[in-house]
Structures are given as C-alpha cells and as structure tokens.
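My entries follow in the order I worked.

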Amino acid sequence: MNHYKTVLFDLDGTLVDTGEGIMRCAELALCRFGIPLPSPSEMRTFVGPPLRDSFARFGVKPEDLDEALSIFRGRYNTTGKFECFLYPGIAEMLKTLHDEGFRLLVATSKPEVMAVEVLTRFGVAPYFECIAGAALDSSRTTKEQIITYLLEEVGDFADAVMVGDTTFDVLGAAAHQLPTIGVSWGYGIVEDMERAGTVAIAHDTAELMTLLRGGKEQV
C-alpha cells in the first residue's frame, strides 16, 4: 500500500460515536408517525447514511419525510448533538497525522454546521483543512455529493484515501476513484464494507495510522 498524503474522514461512527443522540432523535420522529420502533440493532443503521433515506426505509411516507427531518432536528439541534464522544485514540491520532504533514479533511453526511460544532467542541476542528457536510436544504446529502462539494472547496486530492465505517463511505469514495480504509469500531458491517471494495480494515487507531503511513494491507 502506498503512503497516503490526503485523508478524508467520515464523522459519525468513524471519529465520533454519535449513536446515542441520533438514535434517540430518530425514535422521537418514528413515534410521531406511529411507526413501531425497530430493534436496537436496526436503529444503529440510522448512524451514517442520509436521514431521509433511513426514515423512508423504516416506513415514513414520502409526504412526511420533511416533517420527520424537522422533528429529528428539533431535538438534535438542542440536545442530541451533544450526546456523543470521540472514539478512544482519535484526538491523539489526528494530532499525530496533522503534525506529520497529512492533509486532513472531513466528508460527512451530518449537516455541515453541526459537524463543525461537534469537532470544535472536542477541540479537534483545527486539524482539518476543510469540514464538508450535508446541506440543511437536502440539496447535498449523499457521500458522493459531499465529496464533489469538498473537491470544489479544496481542489484536487493527491494520494487520497477515504476512512469510514459503512458501505456508503466506500461507494461514495469509489464514485470519485478514491480507495477506502474501513474501520471496525463504527456502525457498519465489516463484511459489507469488504464486499463493497475496501482496500483494508483497521481495528484501532494505531492500525489505522500504520495503514495510512503505508503499512500492510489487511484485506
């Protein structure tokens, strides 16, 4: 594996465990429409993908999707966004990579303003050249669209790799001919990421740094 110079990080499930806040807000919206709550394992799938797609998958009617998003954001904007924490070793890893000269970027399906707020709260926002996220008007939601937007903001990527925890990261990056290193500590399924085409799977931040520096491929 080559040494990478640019790293695009997913946020939810990769850098930050935002599951509690996202799932609580999603439950509130589903209850509003009388939809039986999915199992805890099914609720985990709300973390990462575009919310509109997730609500539709669990039975919210097309005409109710805007209201579902509004209910979700009403709680998330005030409470849910703070029900999260950095995964172990993330802050130290980002500082090390930044100090070693890696170009660090964020490409997340979380609304951009919230992504900036979360990363600022944990003191790691300064490590990133650009934090790119979804648009609040839903005009930019998919990982492919967000990476397109990121390219417009910062220009071409040199020796770049995506780091994420779901197939949405793998496929969105592949649409831009970018490889993906999957992480096993998030909300996706490792086997699904491998089938989607990850070049490697990292099981902790030390392993991820080794892979980014040009260590042995894992898959």
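What volume does the largest cavity have? I read about 260 Å³ for the largest cavity. The model is predicted, and I keep that in mind for every entry here.

**Cavity**

I searched the whole structure and found one cavity of 30 Å³ or more. I then listed its lining, which comes to 22 residues. Closest to the centre of the largest cavity I noted Pro 49, Leu 51, Ser 109, Lys 110 and Pro 111.

Next I asked which elements give two or more residues to this lining. I have helix H3 (51-57), helix H4 (65-76) and strand E4 (103-111) on that list.

**Cysteines**

How many disulfides does the count come to? I get zero disulfides, with a pair of cysteine sulfur atoms counted as a disulfide within 2.5 Å.

I checked Cys 31 for the reason. The closest cysteine sulfur to that of Cys 31 is in Cys 25, at 12 Å, so the two are too far apart for a bond. I then did the check for Cys 84, which is in no disulfide. Its nearest cysteine sulfur, that of Cys 25, is 11 Å away.

Are these cysteines buried or exposed? I have Cys 31 as partly exposed, with a relative accessible area of 47%. Cys 84 counts as buried, because its relative accessibility is 11% and the cut-off for buried is under 20%.

Terms used
Residues numbered from 1 in each chain as written. Predicted model: local features only at pLDDT ≥ 70, side-chain atom pairs only at ≥ 80, totals over all residues. Heavy atoms only, no water. Buried < 20%, exposed > 50% of the residue type's maximum accessible area, 1.4 Å probe, protein only. 1 Å grid on protein atoms, 1.4 Å probe; cavity = no way out; pocket = protein on both sides within 12 Å on 5 of 7 lines; lining within 4 Å. Points joined across faces, edges and corners; volume = space filled by probe spheres on them. Helix = DSSP H or I, 4+ residues; strand = E, 2+ residues; numbered from the N terminus.
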